[in-house]
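Please look at the sequence and the structure shown here, and keep both in view while you read.

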4 protein chains.
Amino acid sequence: MAGNQFGSVFKLTTFGESHGQAIGGVIDGCPAGITLDLAAIQTELNRRKPGQSAIVTQRKEPDEVTFYSGIFEGKTTGTPIGFAIHNTNQKSKDYTHIKDSYRPSHADYVYDQKYGFRDYRGGGRSSARETASRVVAGAIAKQMLQGVSIHAYVSAVGPISIDQPYTDLDFNHIEQNPVRCPDPEKAQEMEAYIRQIRKEGDTVGGVVSCVVRGLPVGLGEPAFDKLHAVLGHAMLSINAVKGFEYGSGFAGAIKKGSEHNDLFNNDGSTQTNHSGGIQGGISNGMDIYFNVAFKPVATIMQAQDTINNKGEQVVMEGKGRHDPCVVPRAVPIVEAMTALVLADFELIRRTNKS
Amino acid sequence: MAGNQFGSVFKLTTFGESHGQAIGGVIDGCPAGITLDLAAIQTELNRRKPGQSAIVTQRKEPDEVTFYSGIFEGKTTGTPIGFAIHNTNQKSKDYTHIKDSYRPSHADYVYDQKYGFRDYRGGGRSSARETASRVVAGAIAKQMLQGVSIHAYVSAVGPISIDQPYTDLDFNHIEQNPVRCPDPEKAQEMEAYIRQIRKEGDTVGGVVSCVVRGLPVGLGEPAFDKLHAVLGHAMLSINAVKGFEYGSGFAGAIKKGSEHNDLFNNDGSTQTNHSGGIQGGISNGMDIYFNVAFKPVATIMQAQDTINNKGEQVVMEGKGRHDPCVVPRAVPIVEAMTALVLADFELIRRTNKS
Amino acid sequence: MAGNQFGSVFKLTTFGESHGQAIGGVIDGCPAGITLDLAAIQTELNRRKPGQSAIVTQRKEPDEVTFYSGIFEGKTTGTPIGFAIHNTNQKSKDYTHIKDSYRPSHADYVYDQKYGFRDYRGGGRSSARETASRVVAGAIAKQMLQGVSIHAYVSAVGPISIDQPYTDLDFNHIEQNPVRCPDPEKAQEMEAYIRQIRKEGDTVGGVVSCVVRGLPVGLGEPAFDKLHAVLGHAMLSINAVKGFEYGSGFAGAIKKGSEHNDLFNNDGSTQTNHSGGIQGGISNGMDIYFNVAFKPVATIMQAQDTINNKGEQVVMEGKGRHDPCVVPRAVPIVEAMTALVLADFELIRRTNKS
Amino acid sequence: MAGNQFGSVFKLTTFGESHGQAIGGVIDGCPAGITLDLAAIQTELNRRKPGQSAIVTQRKEPDEVTFYSGIFEGKTTGTPIGFAIHNTNQKSKDYTHIKDSYRPSHADYVYDQKYGFRDYRGGGRSSARETASRVVAGAIAKQMLQGVSIHAYVSAVGPISIDQPYTDLDFNHIEQNPVRCPDPEKAQEMEAYIRQIRKEGDTVGGVVSCVVRGLPVGLGEPAFDKLHAVLGHAMLSINAVKGFEYGSGFAGAIKKGSEHNDLFNNDGSTQTNHSGGIQGGISNGMDIYFNVAFKPVATIMQAQDTINNKGEQVVMEGKGRHDPCVVPRAVPIVEAMTALVLADFELIRRTNKS
């Protein structure tokens, strides 16, 4: 109920605040016998971690994961996988400026109202630091999903966006630039724009796109847990996300049926893919693709008017080291949440037929 | 797991195929002591039902709900509310044309692959008829949510869309035209466009927008079950939906933080509302607003190439009476799913503090 | 949460009050492709229904089940199976004597306290009539569990109990007497005792035992959802149940380890079976056996002192037709709940290994 | 599904093997604002830990809990409480004797069959060490349950059992002897018996009883989640438990209704309490009491015939330090699981009425 769990069979429970002792989680329901590449898990964490390039926050957090259980002699045992990432950064900072005041477009105010008080150190539970636990679990889910590829990438930063359809992109370029944009020219423009925004003490939003290939037919459930509905839930649960669309998306709303329908080839594949690889909530074997919109980070390095917990107007200025644009670091998070959704549906699929 | 349930405390389970004996559901977790207006529930069903106006499908289905349990002397008892809507339309039609062939952009193919066979009568479980059960449950949820108003409306049909911000619209106009568009001029344009599309034997997509007012601070949970994530899940689970955005949405991805942040008034309300009434996944007391994109209905009255279950090319033409545009009838469904989400979070909220 | 659901993958949701319009339920997660024997389902219902023999309640309820969905051309489709049993007995009785007064050892008082009021007609939701829905779902679960046999039977009525170990009993005798006791001599004693108790206007408790054969190794989960823990939950959720023990049970508490341990045969089977077919919460391939204790029915045909809802002492006498001993009719309910547990764990088992 | 979670609103997820790096868990859904007494939590752990007295295992495990999240300035924050207990005992032992062989009446064999292999170090996930995490969570649940007292105690060790009704016992004696038996004379007999059993290299079973006082009317749900059904589930999920009964229990099966019914006092309390404080699955305000049967520990210090994983007969002798009788250390576990059940139902109760 309290919403710190995701999944129904392959299930992740996370815990932890940005400046507590540790964050972490428990993966319950991971099948036994998966040989884990632990280095690959850490690689995913490194893609998310602060300080990895010049255009992200310069905080130093090693983000090393410790596994406590559920793995033996290199393989998953079928028992819960407990893990923690210790916070190295949590000490005695000065939080006076946010302890009693509410940062605009942050969760400070609603936490105080909902819970009666809040852990005001660095955003507490509302910090995107929680997503590191998702990346750990997603990396394990990826390793379970043999033969399935999941590629997320930055398709827009502020007003700069990729023009080409995803089928024209070379995903090998994604990790070759700090923006994680597969279009090298756009990547340079985006990087320059982010640097400028940072100089202004400002932030900017963007879009992460994701493409899944190699998924078999049959993942997803007919009514409430349509594959795209759970993917949407997963994406919208990532900090700063404002929108989700798959296949033709919002542009599909403008189209006519005669333009939009995907006609079949004889093998069951389709000639076009406006459906985004999902029919009636169930994967149809074609590529799944979707877009996720992120708002600009709310913490800006400019003075802003706000209120304190007595309802008095105060002026606040962002401190510390923050991301001018969140989407480059969001790429592995989008992939992780995608993998969690697919792993769960893959296990559910095994129960569909007698 | 099988995805026919929605909600965690206020929980709906639905059953039923479009041409089986009945559809229906069970609402579990509805609090005791709510005086129910049964006529208001039927009114919501009537807003969804076929044949209600000249621009929707002309099928005749009375869609009368029968309650089996959970209501006594006009009030909810706290025990599960079982209900059914009997299908009056399910008899001996000729389904030869779809029994062995796969309608393009329908779920026929994936059902056969997933389950080994399918109930081919009129779409079976994949039919949007299932949403009638959601409307029943949503109408009860609405009655539980005293003081909260939920207004959905059509904001776009194909290329025709409302230009004004929602705050300039008069929601009293919504039910005054068959499109359910609160802008009377646009409503006329949309209606004319739908009529033209129908003449062409074609269909068109659209957008339903929704505004929630009067919600207290504190609904929604911090991590995976953010209020907008569950709203997104709910909306994306409605047939034909391709995208969801709330607050600034996809447009917010282009913005800078200095433009996008919502500054506080002294009473905790905000001067702007790019946040869409939700901060960190939790309602902040401002209006919640979001958009839901619907694709064009896949059944068109034109000949289409397709395949049968032997992988042979065949030609198929839509039969029967179908909606040229689904959004007018989707309005009460969007409201119902919204109400289900809010009712559930309202009950969860009661468990947040000691 | 509200507790009207059972199971996690093979999931039953029930609804209905004893004197409402109908009771019924939804089975979600039943795999597709199971050919259903509908007559066998009705046979199970007939084993539970009132009026079936001289020693049970003489109420007349046909208990005919109607399936609304999830079955097509004789097979399960993988979509939810909705069903209802219409109450034929629900009309205009005189409930004055229980409307405002609380029957001793019934749920009347706690319902009024918990929900603020109650459906006072014949026990409402607290009536064992709800278990008819469980029998329907259990009968379907039985049909899913090919190769597994589930035999419940009456092993004690009041002070009369079977002395032999279950392995000496012939289960073919169970349905040959109205008590459902596989020991023909004890069955006669029990029947005579029940007749005498009824003449006294009294009731008596008893024990139902159950034996499961043919279950593969590996059902059940290690920690909280041990196979016997979920079986216990299932049994204790049946009306009037006061205790559950499996394998050596309470008698095992007196034993020494050197007596109690089950030594292995070379094929992994065990020489003894104090474990009751379950090790560490997981089936080990041996017979599962357990006992379920039922209290005497609270409604007796004798005058009893009680209170009304004003806290005043009143005298109440049981009216209508009630069971003098519940265990003969409880036998199919115990089997049904056992089948639901096993079907669920069988589906979960498919997700255990990579 | 994988069964490592307990509870629906107040929900515990545990992880960890007996000889892995750590065990621990996540408590999700604990309300905000509870001032925690951390020393009291450690006290509960100490009641469960090895080495606490002469009649339990002499292993040394400090069992110190570290909290990672969810607590701030001494109070619960409403966010998940992550915690770990590091295993200090997990190093380089010699497990050769159990690596390839199956201990009789242990879970070794079924784990190998279910998962394909197992973590053979000291029982892995099937070890009762996992219950330490339950004790942590239960201790927090106890602190949430203001005004409710939960007293578990040993009522039988092998053939020696308390004769008196619980109402004649002085619970202050429970912690005054190493057996945790409130009858001082019986406690001495039990202790002597356990010492003798240990000398024989044997083990013995026993019974833990539990009494809950101060619970309000209204906890528990009508159908599947009756209060006693979930209590039974909770108790049967504890290692070595073979049976559960509440109120009159198995003895109630022998009784007549006229003897067994609890007549009301004018204030809604009852003159007798065969019901064990629960009517129709819902607490009625009277004492709740129940018994939990534990089998003898399977690890005995005697040579036993068994098989290895090739199906060959081998001889095995218990090594290390084990409990001759598990019930003294099971007392805090029974209390913890009771507290978890009650805390969950207390939160659910808040959602029952409008």
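Leaving aside residues up to four places away in sequence, Ala137(C) touches Leu12(C), Gly25(C), Ile27(C), Ala336(C) and Leu340(C), where two residues are in contact if their C-beta atoms, placed from the backbone, lie within 7 Å. Ala137(C) has its place in helix H4 of chain C, residues 131-144; helices (H or I, at least four residues) and strands (E, at least two) are DSSP runs, numbered from the N terminus. Because Ala137(C) has 28 C-beta neighbours inside 10 Å, Ala137(C) counts as buried (20 or more other C-beta atoms within 10 Å make a residue buried, 12 or fewer exposed, and numbers in between partly exposed). Between Ala137(C) and Gly24(C) there are 9.7 Å in space, C-alpha to C-alpha, although the two are 113 residues apart in sequence.

All of this describes a predicted model, in which local features need pLDDT of at least 70 and side-chain atom pairs count only at pLDDT 80 or more, while totals for chains, interfaces and linings use all residues. Residues are numbered from 1 along each chain as its sequence is written, and chains are lettered from A and ligands numbered from 1 in the order in which they are written. The model scores ipTM 0.97 and pTM 0.98, and chain A averages a pLDDT of 95, with 98% of the residues scoring at least 70 (pLDDT is the predictor's confidence in each residue, from 0 to 100).

In chain A, Phe10(A) lies in the loop between strand E1 (5-6) and strand E2 (11-15), and Phe10(A) counts as buried because it has 28 C-beta neighbours inside 10 Å. Not counting residues up to four places away in sequence, the residues that Phe10(A) touches include Gly29(A), Cys30(A), Ala141(A) and Leu340(A).

Turning to chain D, helix H4 (residues 131-144) and helix H9 (residues 327-349) pack at an angle of about 50°, with their axes 7 Å apart; axes are lines fitted to C-alpha atoms, for helices over the stretch in contact, and angles run from 0 to 180 degrees between N-to-C directions. H4(D) and H9(D) are therefore oblique to each other, since angles under 35 degrees count as roughly parallel, over 145 as roughly antiparallel, 65 to 115 as roughly perpendicular and the rest as oblique.

Finally, the contact between two chains takes 95 residues from chain B and 95 residues from chain A. On the side of chain B that touches chain A, the largest share, 6 residues, comes from helix H6 (residues 227-236) of chain B.
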